[in-house]
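Hello,

Here is the structure I promised to pass on. Please have a look, then read my notes below.

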Amino acid sequence: MLEIQSLAISVANKTIVEAIDLTINAGEIHVLMGPNGVGKSTLTRALLGDADYTIESGSLRLGGLDLLPLSIEQRAHQGLFVAFQHPVTIPGVSNLQFYKAMVNAHRQVQNLEPLDAIELLAQVKQAAQQSGLNEDFLYRGLNDGFSGGEKKRNELLQMLLLSPRIAVVDEIDSGLDVDALKIIGQGIRHLQQQGTGFLLITHYPHWLEYLTPDQVHILLAGRIVQSGGVELADQVANQGFQAFAA
Ligand code: ADP
Ligand code: MG
Ligand code: MG
């Protein structure tokens, strides 16, 4: 469903990602691992459509549709969800207001009526419960004063509301305690069963016990140097990324 072919990405006139090939089908979980500075977040930004990240060559398709000419918003409306390492904070807009705008913008593109306030609140409350977020959070400013773990839970909540076709989550495990990891893992499994395909980016293999990845990819210096099963994550845990250096 998401097809990345020979994608090369430059930032500030420097090639960071050399040539990445990755195909993620509906309901698959792909894990991308690599040490700091190898281009994981660069890939995330480029998938999103951030204009600072230039596509030098290659192609990017979602369900056969070329995403490269599309804006950030248009890509989102095609069902691509990208969750950041550091999500934005908007103190003057409540989380609930943000969800409402987000859900109804997606519905509008699909020619659906906006959700009425009662139905929206019901969906949001269910997603908040699945994300382990207290209802008080809904009325606070978007990510305002949220801890790292609460921001990740908030991203899960948004994913649950949108049921994206493909979700890319950068540094999914950073700042999460064991309880949060479990909840995020359960949320991902729930969406996976509904057909969402995932690209999960991480440094650490430890949280994978909550999920069953279809493939693990090792990124070093802008290239995927090896792809395989969960055993690759175990290898990273035991030997570090050095084991994969040529
Ligand atoms: P990772 O997420 O794997 O830790 P990044 O993709 O964040 O790595 O960074 C890869 C390289 O690209 C680094 O050398 C980083 O400094 C550079 N880079 C990323 N974004 C920018 C940017 N906006 N401007 C300049 N350099 C950048
Ligand atoms: Mg990093
Ligand atoms: Mg990063």
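Is Asn143 buried or exposed? Keep in mind that this is a predicted model. Asn143 counts as buried, because it has 20 C-beta neighbours inside 10 Å and the cut-off for buried is 20 or more. Asn143 sits in the loop between strand E8 (141–142) and H5. Its backbone deserves a look too. Asn143 is not a glycine, yet its phi is positive, at about 60°.

There is another asparagine to check. Asn111 also has a positive phi, near 60°, and is a residue other than glycine. Its place is the loop between helix H3 (95–109) and H4. Asn111 is exposed, because 6 other C-beta atoms lie within 10 Å and exposed means 12 or fewer. So the positive phi turns up in a buried residue, Asn143, and in an exposed one, Asn111.

Now the helices. H4 covers residues 117–130 and H5 covers residues 148–162. They pack at an angle of about 135°, and their axes are 9 Å apart. That angle makes H4 oblique to H5. The crossing of H4 past H5 is right-handed.

Which residues of H4 and H5 meet? On the H4 side they are Gln123, Val124, Ala127, Ala128 and Gln130. On the H5 side they are Leu157, Leu160 and Leu161. By class, this contact has 6 nonpolar residues, 2 polar ones and no charged ones.

Best wishes

Conventions: Residues numbered from 1 in each chain as written. Chains lettered and ligands numbered in written order. Predicted model: local features only at pLDDT ≥ 70, side-chain atom pairs only at ≥ 80, totals over all residues. Axes fitted to C-alpha atoms, helices over the stretch in contact; angles between N-to-C directions. Helix = DSSP H or I, 4+ residues; strand = E, 2+ residues; numbered from the N terminus. Parallel < 35°, antiparallel > 145°, perpendicular 65-115°, else oblique. Left-handed = near helix turned anticlockwise from the far one by under 90°. Contact = placed C-beta atoms within 7 Å. Nonpolar A, V, L, I, M, F, W, Y, C, P; charged D, E, K, R; others polar.
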